[in-house]
Amino acid sequence: MAMEKVDIIGGGIAGLALAGMLDPGRFDVTVYEQRTELPAVGTTLAMWPEAQQALSRLGILGAVRSRGAIIKAGALRRPSGEALLSMEGEGLLGVSRPELLRLLDTAVPASVHRVGGRADSLSGAAALTVGADGVNSIVRRNSWGRRSAAKPTPFLAVRGVVPGTPSPQDVGEYWGRGEIFGLAPAIGGSNWYASFRSELGPDKVDVAEALEVTRQRYANYSSAVRDVLSQANPDTSLAQRIWTTPPMGRYTHGNLALVGDAAHAMTPNLGRGACEALIDAVTLGGLLNNHSVDQALAAYNRRRVFRTQLLRLASSAMGTVALAQGAQLWRDALLTQVGKRVGGNREGAGTSK
Ligand SMILES: Cc1cc2nc3c(=O)[nH]c(=O)nc-3n(C[C@H](O)[C@H](O)[C@H](O)COP(=O)(O)OP(=O)(O)OC[C@H]3O[C@@H](n4cnc5c(N)ncnc54)[C@H](O)[C@@H]3O)c2cc1C
């Protein structure tokens, strides 16, 4: 039987996972990737259990576990560090983005062709072209039209890694008035992130300037937060405006399909974007291996559109609550009551290797 040609635009999390899933006996796969090396800064991505199953199907869950940290618990905190709500036992796995990309790469069969540089147009010669090219996908723009263009949110995300393991009493997400700050252990240090409204961006953001703005913004936070920010430097930090995609009713169009952020870029408030990118890729790859391309694409829409669009909305709703400016006192009072009902404000959030 003749091999079916699949072009994957984008070799990030979704693109590599799809290339790793497709049956090399049936598909002649090419991955187009503009990045020339792994990202230099490795902030942590939280992998939820379903994403861990996807990693297991790719055969790399053990390797990711050995290079990541199990997140056993977390707390929502006031800026002072006082816990509003503690949560345990979600079984999240934290792994740095460069490490995840490196391990996904090991799952890609040697028969997959790699083309470097930016793909600016689609050849149309493949049986299937997949847009795994992130929030500003050219595949989506070319075929779904201008109304599918990504839009910047008003929120800046600044994040990085600093040396030293944080104390369990300081780990968690701090919710202030219109801003959040997160702190968690990572391999080789502490992973931190901050998000708030900002005029910086929406395209390229100067990291040193963003760090300065962040230090000023969090000057009244607990000493743990201030210590982390005083150690942060531009070489080990990232800053960007958060962009999201509009609602989408289908992730396929003729012989095109979208996976990951190209289909459903969401705000990072639920920590689901990379997880869903992996699940998209593994679902689509598994369907393609076992059905005709047309049948697989139809089933892919049925399995993935509703869930991911719901998560896109839920992430944005979570962001609205977390980044509340006016209703912050009500929000914190409510969280404190919830915390009491679910077992008190337990301290001791943390992770283990
Ligand atoms: C601040 C922040 C924190 C986050 N935290 C989490 C978290 O804890 N957990 C989680 O699950 N998710 C998280 N996410 C979301 C996650 O980063 C994304 O959902 C994920 O990276 C999407 O993967 P992707 O492969 O679809 O897209 P991308 O990671 O954007 O990869 C797209 C790839 O395509 C390439 N590309 C693009 N255009 C072209 C082209 N024309 N030609 C060739 N190559 C091209 C790019 O170079 C890139 O390698 C976070 C996001 C942000 C902004």
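Pro-202 sits in the loop between β11 (189–197) and α6 (207–217); helices (H or I, at least four residues) and strands (E, at least two) are DSSP runs, numbered from the N terminus. The peptide bond leading from Gly-201 into Pro-202 is cis, with omega near 10°. Most peptide bonds are trans. The model is a predicted one: local features need pLDDT of at least 70, side-chain atom pairs count only at pLDDT 80 or more, and totals for chains, interfaces and linings use all residues. Residues are numbered from 1 along each chain as its sequence is written.

Strand β9 (residues 172–175) runs antiparallel to β10 (residues 179–186), joined by four bridges; strands pair if DSSP finds at least two bridges between them. Glu-173 stands opposite Gly-182 in β10. Three residues lie between the strands of this hairpin, where Gly-178 takes a positive phi near 80°.

The ligand is surrounded by 33 residues, counted as near if the C-beta atom, placed from the backbone, lies within 6 Å of it. The closest are Gly-10, Gly-12, Gly-134, Gly-260 and Gly-273. Elements giving two or more residues to this shell include α1 (13–21), β2 (27–33) and α9 (273–290), and α9 gives the most, with four residues.

Overall, the protein has 11 helices and 15 strands. Its radius of gyration is 21 Å, close to the 20 Å from the globule rule for 353 residues, so the protein is as compact as a globular protein of that length; the radius is taken over C-alpha atoms, and the rule is 2.2 Å times the number of residues to the power 0.38.
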